[in-house]
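Biologist: Could you take me through the model displayed below, one point at a time, with the criteria behind each term?

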Amino acid sequence: MCALPAMTLSREAVDFIDENYLNSLLGQSRPSAARVREIIAKSLAKEALSVEETAVLLLAEDPELLEEIFAAARQLKETVYGNRIVLFAPLYIGNDCINDCTYCAFKRSNFQAVRRTLTPDEIRQQVTALEDKGHKRLILVFGEHAKYDADFIADTVRNVYSVRSGHGEIRRVNINAAPLDHEGYRKVKEAGIGTYQIFMETYHHETYSRVHSHKTRKGDYLYRLDGLSRAFEAGCDDVGLGVLFGLYDWRFEVLGMVRHALYLQERFNVGPHTLSFPRLRPAHGVDFDERYFVDDDQFKRVIAILRLAVPYTGLILTAREKPELRRELLSFGVSQIDAGSRIELGGYTEAGDAQVMEREQFSLGDIRSLDEVMRELMADGYVPSFCTSCYRSGRTGEHFMEFSIPGFIKRFCTPNALLTLEEYLADYASPETRAVGERLLADELAKMEEGEMKERTLKQLAAIRDKGTRDLYF
Ligand code: SAM
Ligand code: SF4
């Protein structure tokens, strides 16, 4: 039977967003260059920043200091993550929704939206199409509706994992859906989910109430804020936070996100696995209040400052942004992007080249194919990665934190990224992309320290190329 989860809270649930305090931090005068540099140095030593320190970076305006913030973000990204970029694709499962978020085309008051929930067979067709392009990681996206309860999400996850097309398989399924109750999280965890993402959209209470009617479930600020705490209590230790930038002041939202990350770290000993920072996009049936739109320069600051504030947390940049800007923003500390994305229900098999607004939640800025994005990334010197080894070896949550400090990511993740890249080149790349990829692989291998790890990597690459072996990882 389908039912909405009970609106229970976690133990000791509190509203930890102290708005007056965050505003007071943002109301301070411009920081001195020395103070900004001191904070940058702390971050470069790979220490997470406090909200107070993050506020100082947000208040810096001097172009020279902003350049230093950008340069530090680039450096930190390089030392923690190397030049890898993890790739994934979104898969929209159903857009029925009981909420009425003013900014979203799926809101219940948008009567022109074409409503649809994919059947299990249709889901298999979409997954087959994604596997045939080379995808290994998906994020499943759901509206909020009794139809999409925890059993439905768990069954969908199992269905996705069971699809095999040629050498293709999905190795990690993340979720972006409404908050669940404890039992719900246990069910989806048992189905083998990766990250459970819930975006707070805005941490600013008044704005939250303005864009989420109090007559809807999403209108309950504390229930949503507490959503990921319930996930932790139920054993899901791999979670993602997000803000929809453009609803309220971007500086306040960055502080809200950092506060949330620190709260989870303090309470559960584990921070979020990823942060997302979608910017508002045009959407069918939606009128925007443009007061808080975040321009490209401000957006760069958002990303660079988040990178510095939470050195070990993945940053996700989606195809909402245009290709040229995505290319530039990658160097500011982004670690994951989607590619070849379609967000119409059934879009991976049914859509033509043009986007159909009535069928999607918002319009995308980058609709290039996975192959094109792979080629550009590699030509720019990035190593695209489909690696899922941490999650599949049980290295998540607290364990992931142990492994990621110090240098684990660079030592193990780079070889793992190269193995998944070799699979992509062998199975899916166009001849042009393969040529660029082979050059990149050779360059990366030349950079690797001589020793056992390099020997093993070379052997495994040869097994993938010559013997058709797949799914090798360290
Ligand atoms: N329905 C669930 C919820 O609201 O949490 C999960 C999926 S919702 C389809 C995914 C995210 O899309 C939302 O959390 C919101 O941040 C984002 N979104 C909604 N409307 C948008 C728009 N017009 N432009 C950009 N992102 C948007
Ligand atoms: Fe529904 Fe999510 Fe869209 Fe809000 S953002 S209307 S909850 S799909």
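Biologist: Is Glu344 buried or exposed?

Modeller: This is a predicted model, in which local features need pLDDT of at least 70 and side-chain atom pairs count only at pLDDT 80 or more, while totals for chains, interfaces and linings use all residues. Residues are numbered from 1 along each chain as its sequence is written, chains are lettered from A and ligands numbered from 1 in the order in which they are written, and side-chain values use heavy atoms, with hydrogens and water left out. Because its relative accessible area is 5%, and the class boundaries are under 20% for buried, over 50% for exposed and partly exposed in between (1.4 Å probe, protein chains only), Glu344 is buried.

Biologist: Which side chain does the side chain of Glu344 join in a polar contact?

Modeller: Glu344 lies in the loop between strand E10 (336-338) and helix H14 (347-350), where helices (H or I, at least four residues) and strands (E, at least two) are DSSP runs numbered from the N terminus. A polar contact is a pair of N or O atoms within 3.5 Å; within protein, one must be able to donate a hydrogen and the other to accept it, and residues adjacent in sequence count only if both atoms are side-chain atoms. At 2.9 Å, the partner of Glu344 is the side chain of Arg342.

Biologist: Which backbone nitrogens does the side chain of Asn99 reach?

Modeller: Asn99 is placed in the loop between strand E1 (84-94) and helix H5 (120-133), and it is buried, with a relative accessible area of 2%. Asn99 is also one of the residues around ligand 2, where a residue is near a molecule if one of its heavy atoms lies within 4 Å of it. The side chain of Asn99 reaches one backbone nitrogen at 3.4 Å, that of Arg217, and another at 3.2 Å, that of Lys218.

Biologist: How much of the accessible area of ligand 1 does the protein cover?

Modeller: Nitrogen atoms of ligand 1 lie 2.9 Å from a polar backbone atom of Tyr103, 3.0 Å from one of Phe142 and 2.9 Å from one of Arg281. Of the 560 Å² of accessible area that ligand 1 has on its own (Shrake-Rupley method, 1.4 Å probe), the protein covers 97%.
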